[in-house]
Amino acid sequence: MNPSVILLTGGTGFFGRALLRTWLSVALSGGAVPSVTVLSRDPTSFLLRYPEYQHFPWLSFHAGDICDPSSLPCGAHFTQVLHAAADSIPGTRLTPLDHFQQVVEGTRNILEFAAKVGARRFLLTSTGGVYGPQPSDVAALAEDWPGSPDLRNPANAYSLGKRAAEHLCALYQDAYGLEVVIARCFAFVGRDLPLDAHFAIGNFIRDALGRDAIEVAGDGSPLRTYLDQDDLAHWLLTLLARGQAGEIYNVGSDEVVSIAELARRVRDLLAPDKPVLIRGQRQDGQGRNRYVPDIRKARAELGLGVRIPLDEAIRRTGAAHRVQVIA
């Protein structure tokens, strides 16, 4: 059997660092790892910040951008492509139009590249946001849920871009025989999660480690699930290797927690003496916001599940960020 040669896009982001850490751990323990090329806009800066990824024969970095086909590693051979590149954090750098174009055109460029170099397998990291709002009476979103984000709202550019990217995958599988698998990713926690972005669990960990109180901006009623970053890497690599071609799999946890309960659990685990302040008030008749995946398909077909409980994931993330603060 030919050894795997993987092109990883987005290899320096949250998903990518989880994957790199997994491969590095296997390599350092004497296990077999694939040959991996990481596509990055600025690999030099990344390696200065994370020097532990230098000087491994199985790992190389290529300076390039998914939106510039000429910058891709032309002439190289890859058996698999794991496409995890896209800016999922809202900010001033990208307009909604820019965001949509980056997701769609970037995905098309990587699909075209995969077809040209003869890659057999292609994994797209998509988002649970493609389902649109989850009705309050639907306990968990299954892969065949027919919902969609509002096409008229520019704020949905990322989720709608991912929806279009998923369709591009189907088109390239049909046209070129590429074995495409789609991972619809929900919410995660781990050492590489930014604590100053729009992720509630990251904000709570930030507050627990460095502020006087843990603040909940809303009423605390929304329901969420969180999968640990190390579990995320295991799921993605399993989907890349064994996911059914042409299929979609939800990636996430099935341990449901309200935002208020999450804030209190972070407090209890990381800063027991700090108060939790819930700033918002729930309005009468307001439906309960949910963002919960149904993961039975991944469990039944591939044996995937939650290996790291939420409490342990919170402890790990807090410990990692404490080390960073001390350093």
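Helices are DSSP runs of H or I with at least four residues, numbered from the N terminus, and their axes are lines fitted to C-alpha atoms over the stretch in contact, with angles running from 0 to 180 degrees between N-to-C directions. The structure is a predicted model, in which local features need pLDDT of at least 70 and side-chain atom pairs count only at pLDDT 80 or more, while totals for chains, interfaces and linings use all residues. Residues are numbered from 1 along each chain as its sequence is written, and side-chain values use heavy atoms, with hydrogens and water left out.

Helix α3, residues 96–117, packs with helix α4, residues 157–176, at an angle of about 20 degrees, and their axes are 9 Å apart. The two helices are therefore roughly parallel, a term for angles under 35 degrees. Residues in contact (heavy atoms within 4.5 Å) include F100, V103 and L111 in α3 and L160, L168 and Y172 in α4.

Aromatic pairs are rings of Phe, Tyr and Trp (its six-membered ring) with centres within 6.5 Å, and planes under 30 degrees apart count as stacked, over 60 as edge-to-face and the rest as tilted.

| Stacked pair | Centre to centre | Angle between planes |
|---|---|---|
| F46 and Y53 | 6.0 Å | 15 degrees |
| Y172 and Y176 | 5.4 Å | 25 degrees |

Y172 and Y176 both lie in helix α4, four residues apart, about one turn of the helix, and Y172 is buried with a relative accessible area of 7%.

Notes. Angles under 35 degrees count as roughly parallel, over 145 as roughly antiparallel, 65 to 115 as roughly perpendicular and the rest as oblique. Buried means under 20% relative accessible area, exposed over 50%, partly exposed in between (1.4 Å probe, protein chains only).
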